[in-house]
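Visitor: I have this one open but have not looked at it before. Can you walk me through some of its packing?

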Amino acid sequence: MLLWWKEYIHEWRMNLFIILQMVIVLFFVNTQVSHLVEEWGKLNSLLKTEDNLYFYENALATICGSTGSQKAFQYAEKKLAELDGMEEIAYAAEVSCQINGYQNRITTDNYISNLNMNPLLWKGIQYPLVEGRWFQKQDAIDDMLQVVIGGGLSEKYKVGDSFILVYDNGIKRNAIIIGDLGTDFDILDNAYMYAAAGETIDAYVVQHGADEDILLSNDARWFEELQDEAAYPSSSALLKIKPGTDLALYEKYGVLSSFDKIMKNTRERCDGYVINAINYNAVWILVILFGVMGVAYLSAQKRRYILGIYSLLGMSGKQMFDRLLLQNLLTYVLGTIASFLIAPYISGILNYAVAEITIANVIAMGVLTGILILVSCLCNLYIRQIEPKEILMQIKE
């Protein structure tokens, strides 16, 4: 009887077909899983801690144009204050700074984006942190700048570390890290560049990665020291409006969307996220299962003759069954490895973005491999009862 690995090599064409099938299937599975993980991250990218907030799309651009200067922003803020029921605007101003000795490992850039949030913004929303805490009232008046880091900074620094921030106007501030957003995170677009109103929060946030360096702060003195260098929101606004206000008045400058309603829609979407994702991908799942079962069936039919010979020579059904499962397992392992190696080339051909393999992808691939093994077991259980008479029932090609 052939050794199991010699038999495996002898049937290299069929095994290669299965491996290529796995490469294609796992590529699309990983692409979809990465998309779902990214979408889930956006849906859970912030918490609302203040009521009666509204996104006001294109309001700033309508009032004074998309300049981003402090003067233009203050003019728009004044015009918005004239609207009935408008209490306050939530915003962050942005400047670039540096940390001596620090350089982003991906872009080799040493400039860091510092977003300083006004009280309504840091009180009204919170971003989930991988470590540390969110801002508190005392942080705004502390002599040392309290910061929450994200992006490339998260790879070098941790909560509790301190450094000196150097701004372009020569001002230096001692800063200490109180929270960490991680290397991949989503925050509100500081320019509030929304094309149209969205139903869930993923339409209002922007994804950031390790190739960027983000510092969030809530310092009150910051607005006095760096107001001339700072860039302010230039397109849309985030407002707090009194309950009972006639919102039709706000159609004057842009489209108003309730933050409360958006977060409610987001929670409802998250509640059924997994089930909806499975339903959305049901066609792909069925195609994969039928493909696996079809290949398993054809493989089983092709091997009946040789298995009948093994049975005639004294090999038990259990031994033949275990032998086949070992060969299939090897095929699945090779298919998984090949999918990792070939995926970047498939992405290049199809013009897909190369997705980083995360724990979610590993879990999905593990589940799929488990399904393949289960289907293989079910389709080949007949081997345990196979007898030498199978030779008479098959015609060897």
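Guide: One term to start with: helix axes here are lines fitted to C-alpha atoms over the stretch in contact, and angles run from 0 to 180 degrees between N-to-C directions. Also, this is a predicted model.

Visitor: Fine. At what angle do helix 11 and helix 12 pack?

Guide: Helix 12 covers residues 359-379, and its angle with helix 11 is about 155°, with the axes 10 Å apart. Angles over 145 degrees count as roughly antiparallel, so helix 11 and helix 12 are roughly antiparallel to each other. Their crossing is right-handed.

Visitor: Which residues make that contact?

Guide: From helix 11, they include F321, L325, Y332 and F340. From helix 12, they include M365, L372, I373 and C377.

Visitor: What about helix 2 and helix 11, how are they set?

Guide: Helix 2 and helix 11, the latter residues 317-350, pack at about 55° with their axes 7 Å apart. The crossing of helix 2 and helix 11 is right-handed. Residues in the contact include I18, M22 and F27 of helix 2, and Y332, A338 and I342 of helix 11.

Visitor: Staying with helix 2, is E39 buried or exposed?

Guide: E39, which is in helix 2 (residues 12-43), counts as buried because its relative accessibility is 15%, and the cut-off is under 20%.

Visitor: And what does E39 touch?

Guide: Beyond its neighbours within four places in sequence, E39 is in contact with R269 and Y273. The side chains of E39 and Y273 are joined by a polar contact of 2.7 Å.

Visitor: New topic. Which residues touch the most others in the largest nonpolar core?

Guide: Y56, L80, F163, L165, L215 and L239, in a core of 39 residues. Strand 4, residues 92-99, gives the largest share of this core, with four residues.

Visitor: Take L80. What is around it?

Guide: Setting aside neighbours within four places in sequence, L80 is in contact with Y56, A59, L60, I63, M86, I89, A237, L239 and Y253.

Visitor: Last one: where is S236, and what does its side chain reach?

Guide: S236 is in the loop between helix 7 (222-225) and strand 14 (237-241). Its side chain reaches the backbone nitrogen of N58 at 2.7 Å. S236 counts as buried, because its relative accessibility is 0%.

Conventions:
Residues are numbered from 1 along each chain as its sequence is written. This is a predicted model: local features need pLDDT of at least 70, side-chain atom pairs count only at pLDDT 80 or more; totals for chains, interfaces and linings use all residues. Side-chain values use heavy atoms; hydrogens and water are left out. A nonpolar core is a set of buried Ala, Val, Leu, Ile, Met, Phe, Trp, Tyr and Cys residues joined through side-chain atoms within 4.5 Å. Buried means under 20% relative accessible area, exposed over 50%, partly exposed in between (1.4 Å probe, protein chains only). Helices (H or I, at least four residues) and strands (E, at least two) are DSSP runs, numbered from the N terminus. Contact means heavy atoms within 4.5 Å. A polar contact is a pair of N or O atoms within 3.5 Å; within protein, one must be able to donate a hydrogen and the other to accept it, and residues adjacent in sequence count only if both atoms are side-chain atoms. A crossing is left-handed if the near helix is turned anticlockwise from the far one by less than a right angle, and right-handed if clockwise. Angles under 35 degrees count as roughly parallel, over 145 as roughly antiparallel, 65 to 115 as roughly perpendicular and the rest as oblique.
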